[in-house]
Amino acid sequence: MGFKGPVDYSLYLVTGRELLPSGAAIKGGVTIVQVREKTTDTGEFLKVARKTKEICHKYSIPVLINDRVDIALAMGADGVHVGQSDMPARVARQLLPPGSIVGVSTNTPVDVTAAIADGADYIGVGPIWNTQTKVNHKTLLGPRGAGVVLNALQGSSMRAVAIGGRGLDGVAVVSAIMASRQPREAARELSNIVRAYTSSSLPVFSGPSTASLKALGIIQAAAGLLAKIREAGPLIHQITNTVVVNQSANVTLALGASPIMATAASEMEDLSKVSGALLINFGTIGDKSGILEAGRWVNARRNPVIFDPVAVGATKYRFETSQELMNAWQASVIKGNPAEIGSGCIVGTSVAVFCAAANLVGENDAEQYLVKGDMFVGAISGILAITVASELAATREDVKGSGTFLPALIDEIYNLTPEKIIDRAQIELHP
Ligand SMILES: Cc1ncc(COP(=O)(O)OP(=O)(O)O)c(N)n1
Ligand SMILES: Cc1nc(C(=O)O)sc1CCOP(=O)(O)O
């Protein structure tokens, strides 16, 4: 017992018998395994744990046991993971051989402080999002709540993995690997993502050839989404700044969707039932109550919320408002703000329209997803559509300056086709 060398927490798999017999996920890049059996007898748990250790140790992957220090001792695990209502980490540490890994579940700053005092090696911070894997009685932390819990680490060298989410020293997952028909590939994909976030030398996508394939795939998806917008004509609810209300409505129509620019809090519930996406742009913030209500209702329906926090760093009020809003609801896409106001806001509209289409074609119906559909592809598609149309408008002879550019742009958006997107759109994927 006692894993030699530094422990890599980056892709932490929490699993039970499902890992056996082949341990395919391990070959995909899992770096540490926790055996978690909640309903089996002790004898059966021991068997599963022994077999898991056999597989993992072939690949020099440490094996931890969930809750049961007796099982860990009996089969020589590398350590244990204990929850808040299990054996205290300090006691587990006393019972286990020196050098054993001890991890503790944490959901509050107080849990973290106790884990440090107990001499734990790492904490599991969660749940970040909802999980289908167990009935959860703890507070869903979200990224902001996880940040609050992590603040309690206060410079301690304790490692941390996010569970039911991602980030920190690693992610701890169940379903993303174990519910996949191809656990090895699922593990590899997660491993690539985690490594890309934690190492500057690795590409975000898995390599140059895959990258160019992905770029083409995204462009084709954007073309498909434009066709979907034209077919379905989703209603796009926009609470946007007064400078661009008119332009945003015209861009929405030109893309083939319908705009509604309602702002009153009392109509947000009804609107959430009929709109395909919500854009919130707080360039000219007025009454916040409508914005707060709108996001909550749209989240509840699992439709996209696109947040454009215009000039968020310019004033304290804007910064605090953005925090208040993001504590009230979850944005599916946050649009960054280039210096220009006009075209920047139109991009937000286009992203909202394409995200509505991505949501319509999305298949991830599982409850734990914040929204159906691929919001990354929706966001890129929205930007591509405006970029292609802008390039076409800019080369027109009737465009003499910024006054004539805008109507030409609206025309080019109106005349945009899936084929034009495929012909003209360009994406480069950077490591
Ligand atoms: C890495 C990691 N973090 C948290 C948990 C949850 O453990 P616990 O609170 O003991 O809940 P159960 O796993 O017993 O349902 C974990 N297992 N792993
Ligand atoms: C076992 C477990 N414990 C959690 C906690 O926060 O305490 S979340 C979780 C399961 C995470 O599974 P998935 O990756 O499928 O959502």
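This is a predicted model: local features need pLDDT of at least 70, side-chain atom pairs count only at pLDDT 80 or more; totals for chains, interfaces and linings use all residues.
Ala393 is buried, with a relative accessible area of 0%, where buried means under 20% relative accessible area, exposed means over 50%, and partly exposed covers what lies in between (1.4 Å probe, protein chains only). This residue has its place in helix α15, which runs over residues 375-394; helices (H or I, at least four residues) and strands (E, at least two) are DSSP runs, numbered from the N terminus. The C-alpha atoms of Ala393 and Leu406 are separated by 8.5 Å, while the two residues are 13 residues apart along the chain.

Residues are numbered from 1 along each chain as its sequence is written, chains are lettered from A and ligands numbered from 1 in the order in which they are written, and side-chain values use heavy atoms, with hydrogens and water left out.

Another buried residue is Cys345, with a relative accessible area of 2%, and it lies in helix α14, residues 342-361. The C-alpha atoms of Cys345 and Thr240 are separated by 8.3 Å, although these residues are 105 residues apart along the chain.

On a 1 Å grid over the protein atoms alone, a pocket is an open set of points with protein on both sides within 12 Å along at least five of seven lines, and lining residues have an atom within 4 Å of a point. Of the 16 residues that line this second largest pocket, Ile239, Thr240, Thr263, Thr284 and Gly286 are the closest to its centre. Strand β9 (235-239) and helix α12 (289-300) each supply at least two residues of the lining. By class, the lining divides into six nonpolar, nine polar and one charged residue; here Ala, Val, Leu, Ile, Met, Phe, Trp, Tyr, Cys and Pro count as nonpolar, Asp, Glu, Lys and Arg as charged, and the others, Gly among them, as polar.

We turn next to the ligands. Around ligand 1 there are 16 residues, of which Gln34, Arg36, Lys38, Ser105 and Lys134 are the closest, and a residue is near a molecule if one of its heavy atoms lies within 4 Å of it. An oxygen atom of ligand 1 is 2.6 Å from an N or O atom in the side chain of Lys38, and a polar side-chain atom of Ser105 lies 2.8 Å from an oxygen atom of ligand 1. The side chain of Asn66 has an N or O atom 3.1 Å from an oxygen atom of ligand 1. The protein covers 90% of the 420 Å² of accessible area that ligand 1 has on its own, an area that comes from the Shrake-Rupley method with a 1.4 Å probe. The shell around ligand 1 has four nonpolar, six polar and six charged residues.

Ligand 2 has eleven residues around it, and Thr131, Thr133, Lys138, Val174 and Ser175 come nearest. The protein covers 91% of the 430 Å² of accessible area that ligand 2 has on its own, and the shell around ligand 2 has four nonpolar, four polar and three charged residues. A backbone N or O atom of Pro127 lies 3.0 Å from an oxygen atom of ligand 2.

Most peptide bonds are trans, and most residues other than glycine have a negative phi.

Arg302, in the loop between α12 and β12 (305-308), is buried, with a relative accessible area of 12%.

How values were computed: A polar contact is a pair of N or O atoms within 3.5 Å; within protein, one must be able to donate a hydrogen and the other to accept it, and residues adjacent in sequence count only if both atoms are side-chain atoms. On a 1 Å grid over the protein atoms alone, a cavity is a set of points where a 1.4 Å probe fits but cannot get out, and a pocket is an open set with protein on both sides within 12 Å along at least five of seven lines; lining residues have an atom within 4 Å of a point.
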